[in-house]
Amino acid sequence: MNKENFILQATELYKTYHLGKANVDVLEGVDLAINKGEFIAIVGASGSGKSTLLHILGTLDKPDKGEVRFAGQNLAKLKMRKLNKFRNKTIGFVFQFYHLLDELTVLENVLIPAMAQKSVFGWLFSRKTAKNRAKELLNQMGLADRIGHKPYQLSGGERQRVAIARALMNGPELLLADEPTGNLDSETGNGILKVFETLNKAGQTIVMVTHDERIAQRAGRIITLVDGKISI
Ligand SMILES: Nc1ncnc2c1ncn2[C@@H]1O[C@H](COP(=O)(O)OP(=O)(O)O)[C@@H](O)[C@H]1O
Ligand SMILES: [Mg+2]
């Protein structure tokens, strides 16, 4: 593998949670390198640290030790504001329970990451382009006739597709998904996996966490977490 092509490189990641007097060692030396264009599944038993790892890779959480480099850049060096900007622009997140805002329409939900990037004036200037992109993404997700709906008026599979459109809004270099099919029946989950496969074929780098080996088989590479480490 060519080092230049690594979009993300994690070295010797350690993470321990402290609950009262108990220490829970979750990550104990995780090394991971992801190439541009890969579709990776991270599997492991419940509680094995998959979500913890994904959050650290996505800069939503920090390791106690070790480093995460994005295209060679050490993210620990970024101050909060720069890090938030970096995350908003570069990384898209999809979660098991969608995390959509019920008081907003489908279209407004998808627009959030674009709005978050702009000042008030910047937004006034760019919102038309953003709206067109959001509509195009929703169209791509088969939701063209749902843009005015509220999330609670949609099925689980439709909500997850809205969440995927939102994650793609800023054209992220990396898409991270935590058990994206975990709340869906197998047929609906299959539809979500097909969306990921299509995106990956078009070049999207994806890291998906799942506890389900069968779902993991759909990815190009499977990484297994055992006892806080990647098992080889
Ligand atoms: N914020 C937290 N505080 C304390 N313990 C936590 C916290 N988050 C996760 N844990 C514990 O760390 C372990 C790994 O959790 P997690 O990364 O969510 O695993 P997975 O996603 O593989 O199910 C679990 O034992 C969990 O209970
Ligand atoms: Mg989890």
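Biologist: How many helices and strands make up the secondary structure of this protein?

Modeller: In this predicted model, the secondary structure comes to 7 helices and 10 strands. The radius of gyration is 18 Å, close to the 17 Å that the globule rule gives for 232 residues, so the protein is as compact as a globular protein of that length. Along the principal axes, the C-alpha atoms fill a box of roughly 45 × 45 × 40 Å.

Biologist: What share of the contacts with a separation of 6 or more joins residues 24 or more positions apart, and what share of the residues is buried?

Modeller: Residues 24 or more positions apart account for 74% of those contacts, and buried residues make up 36% of the 232 residues.

Biologist: Which members of the largest nonpolar core touch the most other members?

Modeller: The general idea is that nonpolar side chains tend to be buried together in soluble globular proteins. Here the largest nonpolar core has 54 residues, and those touching the most other members are Ile42, Leu57, Val110, Ala165, Leu176 and Val207. Helix α5, residues 156-168, gives the most to this core, with 6 residues. If we follow Leu57 and set aside residues up to four places away in sequence, we find that Leu57 touches Leu8, Ala10, Val68, Leu176 and Val207.

Biologist: Which residues of helix α3 are buried, and what covers them?

Modeller: Helix α3 spans residues 106-116, and its buried residues are Val106, Asn109, Val110, Leu111, Pro113 and Ala114. The cover over the buried residues of α3 includes α2 (80-90), α4 (120-140) and α5.

Biologist: Where does Glu12 lie, and where does Ala71 lie?

Modeller: Both are cases for a check of the backbone angles. Glu12 lies in strand β1, residues 6-19, and has a positive phi of about 50 degrees although it is not a glycine. Ala71 lies in the loop between β4 (65-70) and β5 (73-74), and its phi is positive at about 45 degrees, although it is not a glycine either. Glu12 is partly exposed, with 13 other C-beta atoms within 10 Å, and Ala71 counts as partly exposed with 14 C-beta neighbours inside 10 Å.

Biologist: Which residues surround ligand 1, and which element gives the largest share of the shell?

Modeller: Ligand 1 is surrounded by Tyr17, Leu19, Val24, Val26, Gly44, Ser46, Gly47, Ser48, Gly49, Lys50, Ser51 and Thr52. Two or more residues of this shell come from each of β1, β2 and α1, with the largest share, 3 residues, coming from α1.

Biologist: Is Asp102 buried or exposed, and what does it contact?

Modeller: Asp102 has its place in the loop between β6 and α3, and it counts as exposed because it has 9 C-beta neighbours inside 10 Å, where exposure requires 12 or fewer. Leaving aside neighbours within four places in sequence, Asp102 is in contact with Lys150, Pro151 and Tyr152. The C-alpha atoms of Asp102 and Lys118, 16 residues apart along the chain, are separated by 23 Å.

Biologist: How far apart in space are Val226 and Leu27?

Modeller: Although Val226 and Leu27 are 199 residues apart in sequence, they are 9.4 Å apart in space, C-alpha to C-alpha. Val226 lies in strand β9, residues 221-226, and, not counting residues up to four places away in sequence, touches Gly44, Ser48 and Ser231. Among these, Gly44 and Ser48 also belong to the residues surrounding ligand 1.

Notes: Residues are numbered from 1 along each chain as its sequence is written. Chains are lettered from A and ligands numbered from 1 in the order in which they are written. This is a predicted model: local features need pLDDT of at least 70, side-chain atom pairs count only at pLDDT 80 or more; totals for chains, interfaces and linings use all residues. Helices (H or I, at least four residues) and strands (E, at least two) are DSSP runs, numbered from the N terminus. The radius of gyration is taken over C-alpha atoms; the globule rule is 2.2 Å times the number of residues to the power 0.38. A residue is buried if 20 or more other C-beta atoms lie within 10 Å of its own, exposed if 12 or fewer, and partly exposed in between; C-beta atoms are placed from the backbone. Two residues are in contact if their C-beta atoms, placed from the backbone, lie within 7 Å. A nonpolar core is a set of buried Ala, Val, Leu, Ile, Met, Phe, Trp, Tyr and Cys residues joined through C-beta atoms within 7 Å. A residue is near a molecule or strand if its C-beta atom, placed from the backbone, lies within 6 Å of it.
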